[in-house]
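Student: Please take me slowly through one part of this model: the charged side chains that pair up. I would like to know where they sit and what surrounds them.

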Amino acid sequence: MSAVLKIIAQRLALGVLTLIVVSMVIFAAVSMLPGDFAQAILGQGATPEAVAAIRRDLGLDQPALPRYFSWLADTLRGDLGISYAQMNFQSNMGGGELRTVASQIAPRFANTMFLAGVTACIAVPFAVGLGILAALFRNSAFDKTANVSTLTSISSPEFFLAYVLILFLAVLNPVLPSLSNIYEGMSLPERLEKTLLPALTLTLVVTAHMMRMTRAAIINLLASPYIEMARLKGVRPMRVIVRHALPNALAPIINVVALNLAYLITGVVVVEVVFVYPGIGQLFVDAVKNRDIPVVQACCLIFAGAYILLNLTADIMSILSNPRLRHPK
């Protein structure tokens, strides 16, 4: 068991190192965004003195390296800063209490996690079940139809699939609402109804990867001696796959499921914009539009952290589920 703990500790250390490197990339990329927030606040008639004063107040006149380490230290303490856009709004409105970036992101991130959770509850059982059936009836009409359908869905852009679903499920057949106007205090059935259309869009996007990996992993094991022995004993084909092949194919399936769950958190930007879903993706787009540097950096860091965490989870679960990975010697 000590060998397993050592491998897990190594993976966690690599994850922390990766997150630090990603934070450097995020800070550098955000610093290179076109435009100047101080200039945007004051407008075209801004004087150089006024722009310099605002930049000095926000710390934008400091060199990049001190600003990065200051931001990293504040982030490690849980302080993501104050939104520049809100500071501008409060100054125009005559003051008031400023909300932190963390307080703005928290409800949006909860909405995004709810959307990702609903999508995962639909997509994972559907994709794994479809992969099992495709492996059971491989090279049949069902297998070919499933492969073509899933490849078509994954090859189509998210916004195109979203508009197709809106056309058929909200316009021609008004079954679901086209806009996901989620708000605090909404009941769970209403929230599910508003979230279902973007969840279906994301399901179409992520199903293909999981289905094809499940199919390939199971078919790869069907030629194994223990599978042949189970068949010779007269075990039904479905039972052979579910009872004998599927448990040994869990490692690659877990990996692809975790990668797609990471996409559900980090790749929802387009879908949230199309459906006006009040998640972190919509907040990120608005922050980029307003050159709101603290919010952009915080959103990017959350996306990166979620992706790295889910990849580490997939890696660790693969190690725990496969004896050959637990004992590499």
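Tutor: Let's start with Asp74, which counts as partly exposed because its relative accessibility is 21%; buried means under 20% relative accessible area, exposed over 50%, and partly exposed in between (1.4 Å probe, protein chains only). This is a predicted model, so local features need pLDDT of at least 70 and side-chain atom pairs count only at pLDDT 80 or more, while totals for chains, interfaces and linings use all residues. Residues are numbered from 1 along each chain as its sequence is written, and side-chain values use heavy atoms, leaving out hydrogens and water.

Asp74 pairs with Arg77 in a salt bridge whose closest N and O atoms are 2.3 Å apart. A salt bridge here is a side-chain nitrogen of Lys or Arg within 4 Å of a carboxyl oxygen of Asp or Glu. Arg77, at 61% relative accessibility, counts as exposed.

The structure holds two salt bridges. In the other, Arg215 meets Asp143, with the closest N and O atoms 2.7 Å apart. Arg215 is in helix 9 and Asp143 in helix 7 (residues 141-155), so this pair ties together parts 72 residues apart in sequence. Helices (H or I, at least four residues) are DSSP runs numbered from the N terminus, as are strands (E, at least two). Both Arg215 and Asp143 are buried.

Now for the nonpolar surroundings. The largest nonpolar core has 51 residues, and Leu197 and Met210 are among those touching the most other members. Helix 9 (188-221) is one of the elements giving two or more residues to this core. Such a core is a set of buried Ala, Val, Leu, Ile, Met, Phe, Trp, Tyr and Cys residues joined through side-chain atoms within 4.5 Å.
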